[in-house]
Amino acid sequence: MTDLLPFVTLSLTPRSAWCEAAERLRRGSAAETVLELVLAGRGKDGPGYASRLRSRAAAAIQAGRSQRVTVVSWNDAAYPPALTTIADPPFVLWVRGVAASLSTPAVAIVGARAASPYALAVAERLAADLAGAGLTVVSGLARGVDSAAHRGAIGAGGTTIGVLGSGIDVIYPPEHKPLVRDIEKSGAVISELVPGTVPQPRFFPMRNRIISGLTRAVVVIEAGEKSGSLITARCALEQGRDVLAVPGNVLSGRNRGAHALLRDGATIVESVDDILAELGMSPAARTVGANGGCDERRGGRAADPVLHCLTPGEPANLDEIAERSGLSPSRLLPRLFELELQGAIARVGGGRFVRVDSSC
């Protein structure tokens, strides 16, 4: 409780304080110290504000434990490294399912809630193909494209992550409770909001930054001009993630938002190969020759500047690799994901990576 309490309390503070708090945590400040600084600036909220916030946090932790929910805080080894690089990462994640799935290489699929049969079919097919390529599919558990993407990944025997805009114990929409149970078997359903939080319109744009932050790329399917999926795409661009879009019917008006993304330079998606190519995973690059020899992806490993910073068998965290390579974490993390997908490095927990010493 002691270690968790300041992180949960920070998650209850006004969002305007999150970026500065996150930056202090990155520089190594203790969570309790950061919390005290944030609360010191909230004198206008009246006497007892800090005490009330801590009490709410303690009650939330107790509620989570009673429901057997896993609480992953910023300093936890299970906290996904990808999220530490965004400007305002969640201080805690409330997790149902397999927490380790949060640190797997992932792609987000988002789109319309009132989706056409075409969009639903595309979402399900792309998710299944991404799962077949070993990628986790992330989406928002909403009706329409989101749920089709989750089901596609599950149907292919893959892993998927759903990000809620409500507390972890308040499934919205309620008809997705069976889907949540299916996701939990190998993936995870997560929220940054304390248990018992009911869905509100302002929470969904907030959760979109987590959807994009967990992933290497965001694929938009059938988004209108005011679609929430465009918020996810904007978050992805701000976070240095790739944005891709599926073209659709120009007569219906359903896809104007996605088409605008394409005009602005988003990569067009006609099949999973377009996504894999954007990630540096060509179909040939993930195929091992019939003779068991090296596939062509291995050719450039020795000269890779990131691999050059890693010694086989010696784990290093994101900050250490960034310092050695001279790359910022936002630029480094996507490359680490690519190398992990290629089998050149492995994740060993605690946000650390180790080089795989493989030769033919």
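Trainee: What is the strand order of the open sheet, and how many strands does the sheet have?

Mentor: In this predicted model, the open sheet has 9 strands in the order 1-2-6-5-4-3-7-8-9, and the pairing is mixed. Strand 1 and strand 9 (267–268) are the edge strands, each pairing on one side only.

Trainee: Which strands does strand 3 pair with, and in what sense?

Mentor: On one hand there is strand 4 (residues 136–139), which runs parallel to strand 3 and is joined to it by 3 bridges. A106 stands opposite T136 there. Strand 7 (residues 217–221) also pairs with strand 3 in the parallel sense, over 5 bridges. In that pairing V110 stands opposite V220.

Trainee: What unit do strand 3, helix 6 and strand 4 make?

Mentor: They make a β-α-β unit that is right-handed, with helix 6 covering residues 117–132.

Trainee: Is strand 3 buried or exposed?

Mentor: Buried means under 20% relative accessible area. In strand 3 (residues 106–111), 6 of the 6 residues are buried, so the strand is largely enclosed by the rest of the structure. A106, A108 and V110 point one way, while V107, I109 and G111 point the other way, and all are buried.

Trainee: Which strands does helix 7 touch?

Mentor: Helix 7 (residues 145–155) packs on the sheet and touches strand 3, strand 4, strand 5 (160–163) and strand 7. Its direction makes about 145° with that of strand 3. Helix 1 (residues 4–11), in turn, lies across strand 1 and strand 2 (92–97), and runs at about 100° to strand 2.

Trainee: Where does W74 lie, and which residues is W74 in contact with?

Mentor: W74 lies in the loop between strand 1 (70–73) and helix 5 (81–84). With neighbours within four places in sequence left aside, W74 is in contact with F7, A22, L25, R26, Y79, P89, P90 and F91. The C-alpha atoms of W74 and L4 are separated by 9.3 Å, with the two residues 70 apart along the chain. W74 counts as buried because its relative accessibility is 14%.

Trainee: How many aromatic pairs does a search of the whole structure find?

Mentor: A pair of aromatic rings is described by the distance of the centres and the angle of the planes. A search of the whole structure finds 3 aromatic pairs. One of them joins W74 and Y79: the ring centres are 6.1 Å apart and the planes stand at 35°, so the pair is tilted. Y79 counts as buried, at 3% relative accessibility. Y172 and F204 also form a tilted pair, with 6.2 Å centre to centre and 55° between the planes.

Trainee: Which parts of the chain does the pair of Y172 and F204 link?

Mentor: The pair links distant parts: Y172 is in the loop between strand 5 and helix 8 (177–184), and F204 is in helix 9 (residues 203–213), 32 residues apart. Y172 is partly exposed, with a relative accessible area of 36%, whereas F204 is buried at 18%.

Trainee: What about backbone geometry?

Mentor: Most residues other than glycine have a negative phi, and most peptide bonds are trans. Here the peptide bond from Y172 to P173 is cis, with omega near 0°. P173 lies in the loop between strand 5 and helix 8.

Trainee: Which residues other than glycine have a positive phi?

Mentor: Among them is L141, with phi near 60°. L141 lies in the loop between strand 4 and helix 7 and is buried, with a relative accessible area of 0%. E222 is another non-glycine residue, with a positive phi of about 55°. E222 lies in the loop between strand 7 and helix 10 (228–238) and is buried at 8%.

Trainee: How many disulfides does a search of the whole structure find?

Mentor: A disulfide is a covalent bond between the sulfur atoms of two cysteines. The search finds 0 disulfides. As for individual cysteines, C19 counts as partly exposed at 39% relative accessibility, and C235 counts as buried at 11%.

Key
Residues numbered from 1 in each chain as written. Predicted model: local features only at pLDDT ≥ 70, side-chain atom pairs only at ≥ 80, totals over all residues. Heavy atoms only, no water. Disulfide = S-S within 2.5 Å. Buried < 20%, exposed > 50% of the residue type's maximum accessible area, 1.4 Å probe, protein only. Helix = DSSP H or I, 4+ residues; strand = E, 2+ residues; numbered from the N terminus. Contact = heavy atoms within 4.5 Å. Pairing = 2+ DSSP bridges. Right-handed = clockwise from strand over helix to strand, strands pointing away. Axes fitted to C-alpha atoms, helices over the stretch in contact; angles between N-to-C directions. Phe/Tyr/Trp six-rings, centres within 6.5 Å; stacked < 30°, edge-to-face > 60°.
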